[in-house]
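Here is a friendly walk through one protein model, strand by strand and residue by residue. Keep the sequence and the 3D view open as you read.

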Amino acid sequence: MIGSILSNGDITFTLRLEEGNKFCFVYTDHDQPITAIYPGNLIRYTALGEPAEGNSNANFSTNEDFNFVCDIAGTYDITIDYSNGAPVVNAVKVPDVYSYDVYIKGTMTGWDTQNKITSVDGVVEFDYAFAKGDEFGFVWYDENTTTSWGNWIGTSCLGTEGDANETFDAANNFKCTVAGTYHIKIVKSDDNVVTVDFFAK
């Protein structure tokens with residue numbers, strides 16, 4: 001047990017969950033103690049409310065023990081509602097509060113950082129017009145970055161979702177092989193794993 005909450009009504013609390021985390025809730029009535037003999041009443045996945053607009057219940061699945069299983073990492077506001085006589089659990093994913101800035105840097109910028117874009121919920125998206133032969137990468141900074149040159153994003157960060165990724169795949173830096181305007185999507189996780197995908201416009 002990681003914590004307890006005393007309440008005579010609905011309970012709302014915040015949990016930070018990673019993908020694959022498994023858990024359930026335990027409650028007691030009328031000040032009953034939790035002991036080895038009486039572990040309390042379990043609230044399992046079967047108590048999860050229906051997925052709907054405004055909640056993130058679809059981000060959870062279950063296992064053979066009917067525990068909650070987190071399928072999408074994030075911070076969640078979880079409410080346990082007793083108003084109908086049986087607990088109903090609903091979860092709402094809270095947008096990540098961290099942010100970071102991304103700049104493009106390459107032959108077309110004289111290897112200077114340009115086009116600052118700030119992330120929204122861990123994601124940076126923008127369009128950019130490339131000429132054939134443009135060689136470049138991206139630099140990201142957040143509040144924990146201690147160097148003036150930032151954190152480099154090169155081809156080692158190339159994702160698997162973009163339909164134009166092969167157009168930019170090169171040895172170390174990205175290199176455009178087909179001129180055009182492309183949509184760029186950069187995703188950074190809480191543990192600083194970065195992926196970049198390119199999409200044809």
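## Strand β9 and its partners

In which sense do β9 and strand β12 pair, and over how many bridges? The pairing is antiparallel, with 6 bridges between β9 and β12 (residues 135–141). Please keep in mind that this is a predicted model. To find one of these pairs on screen, look for Tyr-103, whose bridge partner in β12 is Val-139.

Strand β9 is also joined to β10 (residues 114–118), by 3 bridges, and these two strands run antiparallel as well. Here Asp-101 has Thr-118 of β10 as its bridge partner. Strand β9 covers residues 101–106, and because 5 of its 6 residues are buried, it is largely enclosed by the rest of the structure.

## An open sheet of three strands

Next comes an open sheet in which 3 strands follow the order β2-β6-β5, with antiparallel pairing. Its edge strands are β2 (22–23) and β5, each of which pairs on one side only. As a reminder, strands of a sheet pair through backbone hydrogen bonds, either parallel or antiparallel.

Between β5 and β6 (residues 68–70) there are 3 bridges.

Asn-59 sits in the loop between β4 (41–43) and β5 (60–62). Is this residue buried or exposed? Asn-59 counts as buried because its relative accessible area is 13%, under the 20% cut-off.

The side chain of Asn-59 makes a polar contact of 3.0 Å with the side chain of Tyr-76. Beyond its neighbours within four places in sequence, Asn-59 is in contact with several residues, including Val-69, Cys-70, Asp-71 and Lys-93.

## Gly-74 in strand β7

Gly-74 belongs to strand β7, which spans residues 74–81. With a relative accessible area of 0%, Gly-74 is buried.

Which residues does Gly-74 touch, not counting those up to four places away in sequence? They are Leu-15, Arg-16, Leu-17 and Lys-93. Lys-93 is 19 residues from Gly-74 along the chain, and their C-alpha atoms are 6.6 Å apart.

## The cysteines

How many disulfides are there? The count is 0. A disulfide is a covalent bond between the sulfur atoms of two cysteines.

Cys-24 is partly exposed, at 28% relative accessibility, whereas Cys-70 is buried, at 1%.

Conventions: Residues numbered from 1 in each chain as written. Predicted model: local features only at pLDDT ≥ 70, side-chain atom pairs only at ≥ 80, totals over all residues. Heavy atoms only, no water. Disulfide = S-S within 2.5 Å. Buried < 20%, exposed > 50% of the residue type's maximum accessible area, 1.4 Å probe, protein only. Helix = DSSP H or I, 4+ residues; strand = E, 2+ residues; numbered from the N terminus. Polar contact = N/O pair within 3.5 Å; in protein donor to acceptor, adjacent residues only side chain to side chain. Contact = heavy atoms within 4.5 Å. Pairing = 2+ DSSP bridges.
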